[in-house]
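The sequence and coordinates come first.

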Amino acid sequence: MIITVDPSNPKPTYLQIVDSIRRAIATGAVKPGDQLPTIRDVAVQARVNRNTVSRAYLELEHMGLVRSRQGSGSFLTDNEPGLDQKERLKIIKRIADELALEASHYKIPLEQVIAIVRDSAAELNKETEHE
Amino acid sequence: MNEFAIVTEGLGKQFGKHWAVRNLNIQVPTGSVFGLLGPNGAGKSTTINMIMGLLPSTTGQMRVLGYDPAREDLEIRKRVGYVPEIQGFYDWMKINELVELVASYHNTWNWTLCSSLLAEFRLQGGAVIKNLSKGMRAKLSLLLALAFEPQMLVLDEPTGGLDPAARRNFIETILARFQEAGRTILISSHLVNEFSGLLDHVCFIREGNVELMTRLDDLHQRMKRVRLVFAEQAPGNLRIEQALVTRVNGREAMITCRDFDPQRTPEALTAQTGAVNVIVEDMTLEDIFVDLVGS
């Protein structure tokens, strides 16, 4: 797994790292049981403060996606993300609201938006299938 | 260990009639990666020179790792790896000779680390310093600052003139070989976005004064750009109290807010301006630099 951070992206660095790892989970670049790179290695590779990487790893632990073993490192759990169904739906609803707003602003009809979402899901499946 | 690696109180430096630094109060937490950011001539190098005990101050106090730069500069230089903007090497020396010389000043010199860095940087011991490229000089500077395992690293515009690959390697080396618990890094730069991943605290300096000093996370919460969309032409003479900078074009105005409050600012702006749509955007560190201290 290779973690990259865009320094000119205004999104907080630790969240970019969290997203990078979540994406790696979604595409199968890391699998349950895999060991995550050390905090030091991620810091050097992404050119990011070690404390920031630490924070990202902590966040992933809170989300139930990662477990740290003192002295051994951090490992990907085989848990589903540690949020219940209601919370997960809330997150998706928020993204859907944004999507609806943008579509309305740019005058893209609903059927086209749905087609685009279907395509995105299909692409993601294809990436995951590639192991 | 002290809570702060560096504290300045009322620090000032006057050159003739001109105050390069005036009433500067900064606190660099121990273990932080602290960015001193500001335009050319803002007083960053002057401040760093005073902190390192290389330049006497006109007013104020400083404590660096618990020591007073005015009287205990030697103690500071034993514990702080300093990479200046322009390195005054003895150009006629070979790399080996300079390394031997600098090593002789430090009883904490780590020869294993030194050899390892020489090899990693591909610096040939027999090379004459005069013939080194900018990139190699920068690497040599960094090596000399790292090899005695200091408590703190102070870097003054460390990557000026380096190509993108060299700049990345420089940062990677610092992260790989220096950053660990308890060690502090002070970087002054205007290559802001590049260092934004590294920093956890920032201090913006303009004309010798602190404009803003805060944790990086807080900075991004407080400083936002807000787009105001109007039904008709945006008023050309828009005056908004919270706005640091206002840009107007057509139906849109974009303002930079210094103290954004998600609960209050959007409503306040709508009420004040009559805008029909208010969109909040994050700012990159470079955006913030330009709007806060850009000339």
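**Disulfides and overall picture**

A search of the whole structure turns up 0 disulfides over all chains. The model is predicted. Over all chains the structure holds 26 salt bridges, and the area buried between chain B and chain A is about 1,500 Å².

**Cysteines**

- Cys114(B) is buried, at a relative accessible area of 0%.
- Cys257(B) is likewise buried, with a relative accessible area of 1%.
- A disulfide is a covalent bond between the sulfur atoms of two cysteines.

**Chain B as a whole**

- The secondary structure of chain B comprises 10 helices and 14 strands.
- Along the principal axes, the C-alpha atoms of chain B fill a box of roughly 70 × 40 × 40 Å.
- Chain B has 295 residues, of which 47% are buried.
- Chain B exposes about 13,900 Å², and carbon and sulfur atoms supply 46% of that area.
- Taking contacts in chain B between residues at least 6 apart in sequence, 70% join residues at least 24 apart.

**Interface of chain B and chain A**

- On the chain B side 21 residues are in contact with 15 residues of chain A.
- Carbon and sulfur atoms give 46% of the area of about 1,500 Å² buried between the two chains.
- Leu175(B), Gln179(B) and Gly197(B) supply 30% of the area that chain B buries against chain A, more than any other three residues.
- The rule finds 2 salt bridges across this interface.
- One salt bridge pairs the side chains of Glu172(B) and Arg47(A), with an N to O distance of 2.9 Å.
- The structure holds 26 salt bridges over all chains; the pair of Glu172(B) and Arg47(A) crosses between chains, from helix H6 (residues 164–177) of chain B to the loop between helix H2 (39–46) and helix H3 (50–62) of chain A.
- Arg47(A) counts as buried because its relative accessible area, 17%, is under the 20% cut-off.

**Salt bridges within chain B**

- Side chains of opposite charge can pair when their charged atoms come close.
- Asp73(B) and Arg77(B) form a salt bridge whose closest N and O atoms are 2.4 Å apart.
- Both Asp73(B) and Arg77(B) lie in helix H2 (residues 73–79) of chain B, separated by 4 residues, about one turn of the helix.
- An α-helix has 3.6 residues a turn, so residues three or four places apart point the same way.
- Asp73(B) is partly exposed at a relative accessible area of 23%, and Arg77(B) is partly exposed at 33%.
- Glu120(B) is joined to Arg177(B) by a salt bridge, with the closest N and O atoms 2.6 Å apart.
- Glu120(B) is in helix H4 (residues 111–120) of chain B and Arg177(B) is in helix H6 of chain B, so this pair ties together parts that are 57 residues apart in sequence.
- Glu120(B) is partly exposed, with 40% relative accessibility, and Arg177(B) is partly exposed, with 26%.
- Arg225(B), Arg247(B), Asp287(B) and Asp291(B) are joined into one network by salt bridges that share partners.

**Helix H1 of chain B**

- Helix H1 (residues 44–51) of chain B is mostly covered, with 6 of its 8 residues buried.
- The buried residues of H1(B) are Lys44(B), Thr46(B), Thr47(B), Ile48(B), Met50(B) and Ile51(B).
- Gly53(B), which follows H1(B), has a positive phi, near 75 degrees.

**Nonpolar patch on chain A**

- Ile91(A), Ile92(A) and Ile95(A) make a nonpolar surface patch of about 270 Å².
- Ile95(A) is located in helix H4 (residues 85–105) of chain A.
- Ile95(A) is partly exposed, with a relative accessible area of 46%; that value is over the 30% required of patch residues.

Terms used. Residues numbered from 1 in each chain as written. Chains lettered and ligands numbered in written order. Predicted model: local features only at pLDDT ≥ 70, side-chain atom pairs only at ≥ 80, totals over all residues. Heavy atoms only, no water. Patch = residues over 30% accessible without salt bridge, like charges linked within 9 Å, V, L, I, M, F, W, Y side chains within 5 Å. Areas by Shrake-Rupley, 256 points an atom, 1.4 Å probe, with all protein chains shown as cover. Salt bridge = Lys/Arg side-chain N within 4 Å of Asp/Glu carboxyl O. Helix = DSSP H or I, 4+ residues; strand = E, 2+ residues; numbered from the N terminus. Buried < 20%, exposed > 50% of the residue type's maximum accessible area, 1.4 Å probe, protein only. Disulfide = S-S within 2.5 Å. Contact = heavy atoms within 4.5 Å. Buried area = accessible area lost by both parts, 1.4 Å probe.
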